[in-house]
Amino acid sequence: MKFYFRFAWRNLWRNKRRTLIATSSIFFAVVMALIMRSMQFGSYEYMIKNTVSLYTGYLQLQGKEYWENRSFDESFEVHNSLLPLLQSQPHIALVNPRLETVALLSHHLETRVSPVVGIDPQQENRMTNLQSRIVKGTYLTDSSQGILMAEGLAERLQVTVGDSVIVFGQGYQGVTAAEQIVVEGIIQYPLPQLNNAMIFLALPKAQILFNAKNRLTSVAMMIDDAKKLYELQSALSHKIDSSLVIMNWEEMTPEIVQAIEMDNAGGILMLLILYVIIGFGVFGTVMMMTIERTREFGLLIALGMKREKLLIVSTIETIFVSMVGAIAGMIGAIPLIAYYHAHPIRLWGEAAEAMLAWGLEPLMPFSNDPMIFVAQTIVVFFLALVMSLYPLFFIRKLRPVSAMQGRGGVR
């Protein structure tokens, strides 16, 4: 068998031009498939990353009916052992307690309704990088009595750092919550939905304002391995009180999941079309290589080489060409994908507007997941192997005398 491999390898490089044409077709096919799939998977990873890090976390602990009702009545009291229990679980990287509601904000003649979030400043910053969004003023501390306000909302209310706004809303058990609070900082979000309507309070201040001492509406959790999501959700569900529930990000944002599934279905269809184009391209190259060697094949058979051995050599040659082209394509795509993974493409126009409508910054990142490289390279490699069936058919039907005389040679 070693002889066949050596013979096939030498055959390839007897006509370097022909071999380079064949490997080039597979090379570009692999590069195209990898770039297309990397862009698609990169957009999914980006959507998920933004969803979990900007708002939901991978998991959230909530009152059983809170997600449906969004009411203070569905908040829960925090016992001393609850947060340490969550933090002690394997793969839980961050535990972020919150108290969320909606309130009326007023300054002079301007009034707006806004989400109000009581946060642990340190944990919130670790999860959402909130402190880096400060454009004026200072970030909150645990003892802060003021608020952080989104830039767009501040412009609408015509306030800046040091001004006071009236916060008016309903607290736990229907108690009226009203207070004049100083703006300590202005934050800027790239997304209009958040930039036009968000304020943050330190958690102790929010609990006092809304009569919710020692109560939370949710605890967001980040994990260090997304593959452990369902396992962790199940484990935590068995350790918490029956009045609480653990929800994952997919349950809280089903529209994101549906968008990914729909786009993935379209991506698979486009990939199939690309594979058909690749298949015809590779087939054309293999057919050209085979027909060019008609006289050579006829001469080998006439000299006594058995067709079976010639078939083996021809198949090994195709395997070599496919392997070289596929591996070269994978290596060639790595620098390009690595660059755009580190420097995502910024979108403009209608594409940017569509991304903003989903609450995402208009970027097109690339994924560097190793499985993308492996999967697409293997698919194109086997596609090339299927195309190698043509030389097998050709050699079986070859007539040596006609082939050597240049008259086609296939009966």
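This is a predicted model: local features need pLDDT of at least 70, side-chain atom pairs count only at pLDDT 80 or more; totals for chains, interfaces and linings use all residues.
Biologist: How many bridges join strand β3 to strand β4?

Modeller: Strand β3 covers residues 92-107 and strand β4 covers residues 110-119. The two run antiparallel, and S106 stands opposite T111 in β4. The number of bridges that join them is 10.

Biologist: Which residue in the turn of the hairpin formed by β3 and β4 has a positive phi?

Modeller: The hairpin of β3 and β4 has 2 residues between the strands. In that turn, a positive phi of about 55 degrees belongs to H108.

Biologist: Is N195 buried or exposed?

Modeller: N195 is found in helix α7, which comprises residues 192-195. Leaving aside neighbours within four places in sequence, N195 is in contact with A150, E151, G152, L153, I187, Q188 and Y189. Its relative accessible area is 11%, and the limit for a buried residue is under 20%. Because 11% falls under that limit, N195 is buried.

Biologist: Which element gives the most to the lining of the largest pocket?

Modeller: About 1,300 Å³ of space lies in the largest pocket. Of the 42 residues that line this pocket, the closest to its centre are Y44, E45, Y46, I48 and K49. The elements that give two or more residues to the lining are α2 (16-56), α5 (121-128), α9 (229-237), α10 (249-252) and α11 (254-292). With 10 residues, the element that gives the most is α2.

Biologist: How many residues in the lining of the largest pocket are nonpolar?

Modeller: The lining of the largest pocket is divided here by residue class. It has 9 polar and 10 charged residues. The nonpolar residues number 23.

Biologist: What volume does the largest cavity have?

Modeller: The count of cavities of 30 Å³ or more comes to 1. The largest cavity has a volume of about 180 Å³.

Biologist: Which elements give two or more residues to the lining of the largest cavity?

Modeller: The largest cavity is lined by 18 residues, and V286, M289, T290, T318 and P391 lie nearest its centre. By class, the lining of this cavity divides into 10 nonpolar, 6 polar and 2 charged residues. The elements that give two or more residues are α2, α11 and α13 (307-342).

Key
Residues are numbered from 1 along each chain as its sequence is written. Side-chain values use heavy atoms; hydrogens and water are left out. Helices (H or I, at least four residues) and strands (E, at least two) are DSSP runs, numbered from the N terminus. Buried means under 20% relative accessible area, exposed over 50%, partly exposed in between (1.4 Å probe, protein chains only). Contact means heavy atoms within 4.5 Å. On a 1 Å grid over the protein atoms alone, a cavity is a set of points where a 1.4 Å probe fits but cannot get out, and a pocket is an open set with protein on both sides within 12 Å along at least five of seven lines; lining residues have an atom within 4 Å of a point. Grid points are joined across faces, edges and corners, and a volume is the space filled by probe spheres set on the points. Ala, Val, Leu, Ile, Met, Phe, Trp, Tyr, Cys and Pro count as nonpolar, Asp, Glu, Lys and Arg as charged, and the others, Gly among them, as polar. Two strands pair if DSSP finds at least two bridges between them.
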